[in-house]
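Me: I'm new to protein models. Could you show me how to read one, feature by feature?

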Amino acid sequence: MHMHMKKIVLAAAIPTLALLWAMNRAEKPTTVAFIDLTKVFPALDRSKAAQARLEEINKAQAAKIDKVLAEIQSLQAELETYKADSPSFNEAKKKVTDAIARKKALEEFSRRKLAIEGANLMLQTYKDICKSAGELCSQRGIDALLFDDASAPFDPADPRGPQAQILGRRCVWLNKSLDITDDVIKAMNAAPATPAPAAAAGP
């Protein structure tokens, strides 16, 4: 009899516990915020440092290309002093051809190096943004962080057309009070940047 009463009490308590759980869930709705990445990237100190690094790489590679170009011009000037088809002429001509090939290879390498470095820096910055924003959301009890693309202007010159631009957006409207963009920028500029992996040194 005693055991039977326990079962009755437990059975009666289950719906009450379920209701209390549901009410607790209802009292704690999902908290959402949003961030404007188009505003975050250019405002970060590490983005400005990354741009300066890319400019340094570009300058260094351009100096290497200019050096080879000067070599080509010197060889071409030397080539003009020889009689056509003479051994000295043919030797100088081969040097010119080799130097031109080196210049083309260096230009291609420089282009790819700059692209890889730029991609690495952007990806690392994005990872840092996700980490910093995630920490901020955890501190504030925010459950989800959305990318704000609702307020970005439409580009009439975009070849995709207005319909594709509209359908490509993930948000229609966002309450500006939910914007934590400036807070993320402030937190990230106060923290040290994570170094991005470097591209190959190359020629």
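Here is a short talk through this model, one feature at a time.

Me: Where do I start, and how far can I trust what I see?

Reply: This is a predicted model, where local features need pLDDT of at least 70, side-chain atom pairs count only at pLDDT 80 or more, and totals for chains, interfaces and linings use all residues. Residues are numbered from 1 along each chain as its sequence is written, and side-chain values use heavy atoms, with hydrogens and water left out. Where pLDDT is low, the predicted coordinates should not be read in detail. Here the mean pLDDT is 84, and 82% of the residues reach 70 or more.

Me: Which elements have the lowest and the highest mean pLDDT?

Reply: Helix H1 (residues 2-27) has the lowest, at 50, and helix H6 (residues 181-189) the highest, at 95. Over residues 1-13 the pLDDT is below 50, and beyond near neighbours in sequence that stretch has zero contacts in the model. (Contact means heavy atoms within 4.5 Å.)

Me: How many helices and strands are there?

Reply: Helices (H or I, at least four residues) and strands (E, at least two) are DSSP runs, numbered from the N terminus. This protein has six helices and two strands, in the order α-β-α-α-α-β-α-α from the N terminus on.

Me: What does "buried" mean, and which residues of H6 are buried?

Reply: Buried means under 20% relative accessible area, exposed over 50%, and partly exposed in between (1.4 Å probe, protein chains only). In H6 the buried residues are Thr181, Val184, Ile185 and Met188. Looking down the axis of H6, you'd find them within an arc of 100 degrees, so they line one face of the helix. (The arc is that of the directions from the helix axis to the C-beta atoms.) Their cover includes strand E1 (32-35), helix H2 (37-43), helix H3 (45-79) and H4. Over the whole protein, buried residues make up 27% of the 203 residues.

Me: How do I spot a core?

Reply: In soluble globular proteins, nonpolar side chains tend to be buried together. A nonpolar core is a set of buried Ala, Val, Leu, Ile, Met, Phe, Trp, Tyr and Cys residues joined through side-chain atoms within 4.5 Å. The largest one here has 14 residues, and Ile129 and Val184 are among those with the most contacts inside it. E1, H2, H4 and H6 each give two or more residues to this core, and H4 supplies the largest share, four residues. A second, separate core has seven residues, including Val68 and Ile72.

Me: And what about charged side chains?

Reply: Side chains of opposite charge can pair when their charged atoms come close. A salt bridge is a side-chain nitrogen of Lys or Arg within 4 Å of a carboxyl oxygen of Asp or Glu. By that rule the count is 13. Take lysine 39 and aspartate 182, whose closest N and O atoms are 2.9 Å apart. Lysine 39 sits in helix H2 and aspartate 182 in helix H6, 143 residues apart, so this pair links distant parts of the chain.

Me: Where are the partners in the salt bridge of glutamate 108 and arginine 111?

Reply: They meet at 2.6 Å, N to O. Both lie in helix H4, three residues apart, which separates them by about one helical turn.

How values were computed. pLDDT is the predictor's confidence in each residue, from 0 to 100.
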